Amino acid sequence: MKRIQHKMMWAVSASMLLAMCCPMLALAAEEAKEYVPSMYASFWSLIPPVVAIVLALITKEVYSSLFVGILIGGVFYSGFTFERTMTHVFQDGIIGSLSDAYNVGILVFLVLLGILVCMMNQAGGSAAFGRWASEHIKSRVGAQLATVLLGVLIFIDDYFNCLTVGSVMRPVTDKHNVSRAKLAYLIDATAAPICIIAPISSWAAAVTGFVEGEDGLSIFIRAIPYNFYALLTIVMMIALTIMGADYGLMRKHEENALKGDLYTTPDRPYANAEEEESNPKGGVIDLVFPIVVLIFCCVIGMIYTGGFFEGAGFVEAFSGSDASVGLMLGSFFAFIITIVFYAVRKVLKFGESMACIPEGFKAMVSPILILTLAWTLKAMTDSLGADVFVAEIVKSSSGGLVNLLPAIIFLVGCFLAFATGTSWGTFGILIPIVVEAFSKTNETMMIISISACMAGAVCGDHCSPISDTTIMASAGAQCNHVNHVSTQLPYAVTVAAVSCVTYVIAGFAQTPLLPLTIGVLLMIGVLYVMKSKNMNLE
């Protein structure tokens, strides 16, 4: 009896202690949930990505530079405490990024693309296309223009664009001694800049999702003529190629490529893969068919996630699609169809196709690692309130000089996307602010400002070494990532400077034709000056 009473006393005591602790635990959980770092929404929130970018450009080493930026973000968030820094970096950052459903979908899509590229190479499709192209593309200019054309045609998604254009055109540009850095630039410049002016693309779907209370797709289409950065980037690529007006570090890479050195630096990604013998059974169809199937399946996957098969219209379904799931499903079914196609044609046995799975995955390890670190760095800047800080700057600058606001928004978008490495995140921050500021006052200025926001975000994304599109372009061209960033930056900055001038003009003219005409003339004039300067130095 005493033993029972003793147990009951312990049970009551434990219950009372638990009851006393519960409010304390709830309060602690609430405090943890509401924790706001002292550096939140301040200038310091932009320091981690800036440090990562500067270190990457100085040390030429991406992984450690990104991790240092992540670590600084964790230290700032934690208030310089060790335990909270480690848990924030690894649990909230790396694990949080890799457990995000959207991010995982993109990683699966990349792995499947890597496998498909490996299969196309093993089947001899890439080599066969190279032989076909060597008969029809006779010059370096032709090889570069063909790369631009293919990049323009593949407008569904920037990731898909980067890896597909790279795998198809790399043998052709290598044959004509086009440097890997130049190929990476052409791939990158026909990825995001093309997607942002294509109404049927994953980017259009993302942008329309941020335009609340308005017809998002209609606004996107009306904003295309004002997207000066994207349009002038196309002008830049074509004029640069035809005029042969390379400048900056790219000129050195191109001069070395003419001598047979496609890489310039000692780092030669995938150089050994070039020595592999091609499959003699392969034909051009073994490259074209998987790409066509991939495009078709990705479009079906996109509209499926948007509810097309449940009654939604095609445009509505594409606008409301989930790019991550759609591209993942599309690439998976393209993979299955390609296996069957190669088996029927007897260019790859089933076992050989399966052997491409680990090889394709290994080819994507580097971009996957950089993407994971870039996503983690973004998580650090988000937790420090970088988006809130930039949004407040934009709001405070919208009071005076309304006609200059498109140019200001363009520059802010450039800086934010460059620092964070994400254009979609920049859309999400700036577009709602623009819509709120102009939707009930000046609709034309709203369209121009939304376009300036999109152009600035693409420009910053184009320049940033921690941007996923920039990383994918390096992977697609099999180019050293830092080489790609350092050679591309002068070109992107040139287009950005001209675009800024066009947005100043557009803010006053409020029509696209005049600023775009002036922008095109300025762009060609700048390239002419750079070419004349290079000729004088020789």
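This is a predicted model: local features need pLDDT of at least 70, side-chain atom pairs count only at pLDDT 80 or more; totals for chains, interfaces and linings use all residues.
**Close-ups of an all-helix model: surface, pocket, core and cavity**

View 1. Residues are numbered from 1 along each chain as its sequence is written, and side-chain values use heavy atoms, with hydrogens and water left out. The protein chain has 26 helices and zero strands (DSSP runs, H or I of at least four residues for helices, E of at least two for strands, numbered from the N terminus).

**View 2. The second largest pocket.** This one holds about 450 Å³. A pocket here is an open set of points on a 1 Å grid over the protein atoms alone, with protein on both sides within 12 Å along at least five of seven lines, and lining residues have an atom within 4 Å of a point. There are 27 lining residues, with N103, Y159, W375, T422 and D468 nearest the centre. Helix 19 (365-383) is among the helices that give at least two residues each, and its six make up the largest share of the lining. By class, the lining splits into twelve nonpolar, eight polar and seven charged residues.

View 3. Of the 538 residues, 52% count as buried, meaning under 20% relative accessible area with a 1.4 Å probe. A nonpolar core joins buried Ala, Val, Leu, Ile, Met, Phe, Trp, Tyr and Cys residues through side-chain atoms within 4.5 Å. The largest has 132 residues, and L110, Y185, I196, Y229, F410 and M454 touch the most other members. Zoom in on Y185: leaving out residues up to four places away in sequence, its contacts include M236, M237, H462 and Y491 (contact means heavy atoms within 4.5 Å).

**View 4. The largest cavity.** A cavity is a set of grid points where a 1.4 Å probe fits but cannot get out, and the count comes to one of 30 Å³ or more. The largest cavity has about 50 Å³ of space. Among the residues lining it are L113, M120, T164, S167 and P290. Helix 5 gives four residues, the largest share, and the lining has seven nonpolar, two polar and no charged residues.

Technical notes:
Buried means under 20% relative accessible area, exposed over 50%, partly exposed in between (1.4 Å probe, protein chains only). Grid points are joined across faces, edges and corners, and a volume is the space filled by probe spheres set on the points. Ala, Val, Leu, Ile, Met, Phe, Trp, Tyr, Cys and Pro count as nonpolar, Asp, Glu, Lys and Arg as charged, and the others, Gly among them, as polar.
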